[in-house]
Amino acid sequence: MNTFEKVDRPLPGDVMFYGGDIGNFGFFYLGPGRDTGNGIGIGTVDTLTPFAILDTDNINPFFKKQFLGYYRINYDDF
């Protein structure tokens, strides 16, 4: 997360990071979701969960302890 730029208004392709019981993890942001979540994302929360498109409102609270924010990747740095 330290190498990415934190943003308030995410765009598709930004990353949503969470702190949870299993450590920090992220999803690629695709667009807005339910008002009670942080958007629609693509990713997985653990090795037993398939890679999927999901509304972050549906993440099990065991995994989603704290929303850390939206971050933008500067692909020019890679």
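Tutor: Helices (H or I, at least four residues) and strands (E, at least two) are DSSP runs, numbered from the N terminus. The model is a predicted one, in which local features need pLDDT of at least 70 and side-chain atom pairs count only at pLDDT 80 or more, while totals for chains, interfaces and linings use all residues. Residues are numbered from 1 along each chain as its sequence is written, and side-chain values use heavy atoms, with hydrogens and water left out.

Student: OK, so how many residues of strand 2 are buried?

Tutor: Six of the six residues in strand 2 are buried, so the strand counts as mostly covered under that definition. On one side sit Val 15, Phe 17 and Gly 19, on the other Met 16, Tyr 18 and Gly 20, and all of them are buried, which leaves both faces covered.

Student: And which strands does strand 2 pair with?

Tutor: Two strands pair if DSSP finds at least two bridges between them. Strand 2 is joined to strand 3 by six bridges and to strand 6 by five, running antiparallel in both cases. To give you positions to look at, Gly 20 has Gly 23 in strand 3 as its bridge partner, and Tyr 18 stands opposite Phe 67 in strand 6.

Student: What's the order of the whole sheet?

Tutor: It is an open sheet of six strands in the order 1-6-2-3-4-5, with antiparallel pairing. Strand 1 and strand 5 are the edge strands, each pairing on one side only. Neighbouring strands are turned by 40 degrees against each other on average, direction ignored; the axes behind that value are lines fitted to C-alpha atoms, for helices over the stretch in contact, and angles run from 0 to 180 degrees between N-to-C directions.

Student: How many bridges hold strand 1 to strand 6?

Tutor: Three bridges join strand 1 to strand 6, and these two run antiparallel. Within that pairing, Lys 6 stands opposite Tyr 71 of strand 6.

Student: Switching topic: which residues make up the largest nonpolar core?

Tutor: By a nonpolar core I mean a set of buried Ala, Val, Leu, Ile, Met, Phe, Trp, Tyr and Cys residues joined through side-chain atoms within 4.5 Å. The largest one has nine residues, namely Val 7, Met 16, Tyr 18, Phe 25, Phe 27, Tyr 29, Val 45, Ile 59 and Tyr 70. Strand 2 and strand 3 each supply at least two residues of this core, and the largest share, three residues, comes from strand 3. There is also a second, separate core of five residues, which includes Val 15, Phe 17, Leu 68 and Tyr 71.

Student: Lots of rings in there. How many aromatic pairs are found?

Tutor: A search of the whole structure finds six. Rings of Phe, Tyr and Trp (its six-membered ring) pair if their centres lie within 6.5 Å, and planes under 30 degrees apart count as stacked, over 60 as edge-to-face and the rest as tilted. The rings of Phe 4 and Phe 17 have centres 6.1 Å apart and planes at 15 degrees, so this pair is stacked. Phe 4 lies in the segment before strand 1 and Phe 17 in strand 2, so the pair ties together parts that are 13 residues apart in sequence.

Student: Is Phe 17 buried or exposed, by the numbers?

Tutor: Phe 17 counts as buried, at 13% relative accessibility. Another pair is Phe 67 with Tyr 70, whose ring centres are 5.0 Å apart and whose planes stand at 70 degrees, so that pair is edge-to-face. Phe 67 is partly exposed at 29% relative accessible area, whereas Tyr 70 is buried at 14%. Both belong to one aromatic cluster together with Tyr 18, Phe 27 and Tyr 29.

Student: Last topic, charges. How many salt bridges are there?

Tutor: The search of the whole structure finds two, a salt bridge being a side-chain nitrogen of Lys or Arg within 4 Å of a carboxyl oxygen of Asp or Glu. In one, Arg 72 pairs with Asp 14, with the closest N and O atoms 2.7 Å apart. Arg 72 lies in strand 6 and Asp 14 in the loop between strand 1 and strand 2, so the pair ties together parts that are 58 residues apart in sequence. Asp 14 is buried at 3% relative accessible area, while Arg 72 is partly exposed at 24%.

Student: And which residue does Asp 57 pair with?

Tutor: Asp 57 forms a salt bridge with Arg 34, the closest N and O atoms being 3.2 Å apart. Asp 57 is in the loop between strand 5 and strand 6 and Arg 34 in the loop between strand 3 and strand 4, so parts 23 residues apart in sequence are tied together.

Key
Buried means under 20% relative accessible area, exposed over 50%, partly exposed in between (1.4 Å probe, protein chains only).
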